[in-house]
Amino acid sequence: MVRQPPGERATELLVVAGEASGDLYAARLLTALRGHVPGALHAFGLGGEHLAAEGFDAVANNSEISVVGLAEVLRVWRRAKRIFDQLLAEAERRKPAVAVLVDFPEFNLRLAPELARRGVRVVYYISPQLWAWRKGRVKTVARAVDTLLVLFPFEVDFYRRHGVSALHVGHPLVDEVPHLTHRWDGPAPAPDEPRRLVLLPGSRRSEVARLLPAMIGAVEALSRDVPVSVRLLRAPTIERSALEAQVAAAGVPIEIVEGGDAGRFAVLADAHLALCASGTATLETGLVGTPMLVLYRVGMITGLMARLLVDLPHFSLVNLVLDRPAVP
């Protein structure tokens, strides 16, 4: 925790980042804010290891409730409700100057109106993808959010049409991803040269449980035709033990690599191909320039709901940003 000089009142900031990528971006935002806010800045709320490294006062850790899918949400609902109530209680006690809600719409779009009713100004960083599905929720944003900070230019027009104050701030990954030279950028590999593959099965336990077996099955199938060398990038929110059993049982050797630091970009740049969970990792891979296959797998009920409600030409962020099918 950062301490303020004697006699100087600290600025309290509520931050709610429910996912691994949001935790990283919120930590970067907090670092930048400390260079602009007079006096000390005390941040509290919901986050993970990146915010913790910034002296964040965590009401709860986001790994407790970061899941995907309707069935998975139901399993953590009680814990999420307790965290929700704790955050509101802390907001009433500490009276933050502003609340910064980062992505995580199923939670944050319920929290925003409650904070607004308590007189807390709300800044929403990283727009919920309301332009993709459940567009009716934009009314909640218009009522409860003072300023919406969006990552993609096309989002500004959508939100302004609905009366939301939206500001395009660019994607933080542009500053995170280094310029790297691909080792494979040249002639095709020789027949006996291993094809270097990297697996990115996601940052949530439910994602990894559904996607990693499919990825391992794919590389096993490929290995029957050509030699392969396989690395798996472990997200900080996934316990290594959750990966080791599946990797040990695989029909090909797979090296688990820590994916929580800048070294992951070198691993991506070294690969001939990435098998990548749909999400922020696709943008990282795209910015590095590594060819990829994007995949996702959800429960049957979630899948049926998505087919009914989602109105998008693509589900990969790379294709959405480019507005063309750049990656399969």
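Helices (H or I, at least four residues) and strands (E, at least two) are DSSP runs, numbered from the N terminus. The model is a predicted one, in which local features need pLDDT of at least 70 and side-chain atom pairs count only at pLDDT 80 or more, while totals for chains, interfaces and linings use all residues. Residues are numbered from 1 along each chain as its sequence is written, and side-chain values use heavy atoms, with hydrogens and water left out.

The protein chain contains 14 helices and twelve strands. Of its 328 residues, 49% are buried (under 20% relative accessible area, with exposed over 50% and partly exposed in between; 1.4 Å probe, protein chains only). The accessible surface is about 16200 Å² (Shrake-Rupley method, 1.4 Å probe). Carbon and sulfur atoms account for 56% of that surface. Contacts are heavy atoms within 4.5 Å. Among those between residues at least 6 apart in sequence, 62% join residues at least 24 apart.

Five strands form an open sheet in the order β10-β9-β8-β11-β12, with parallel pairing. Two strands pair if DSSP finds at least two bridges between them. The edge strands, β10 (254-258) and β12, each pair on one side only. On average, neighbouring strands of this sheet are turned by 20° against each other, direction ignored. Axes are lines fitted to C-alpha atoms, for helices over the stretch in contact, and angles run from 0 to 180 degrees between N-to-C directions. β8 and β11 pair in the parallel sense over four bridges. Leucine 197 has leucine 273 of β11 as its bridge partner. Helix α10 (residues 240-249) lies across β9 (228-234) and β10, and runs at about 165° to β10.

Helix α12 spans residues 280-288. Its buried residues are Thr282, Leu283, Glu284, Thr285 and Val288. Their cover includes the strands β8 (195-200), β11 (273-277) and β12 (292-295). The helices α8 (173-176), α11 (263-270) and α14 (317-322) also contribute to this cover. Just after α12, glycine 289 adopts a positive phi of about 100°.

A helix pair is formed by α4 (residues 77-94) and α5 (residues 105-117). They pack at an angle of about 30°, with axes 11 Å apart. α4 is therefore roughly parallel to α5 (angles under 35 degrees; over 145 is roughly antiparallel, 65 to 115 roughly perpendicular and the rest oblique). From α4, the contact is made by Ala80, Ile83, Phe84, Leu87, Leu88 and Ala91. From α5, Phe107, Arg110, Leu111, Glu114 and Leu115 take part.
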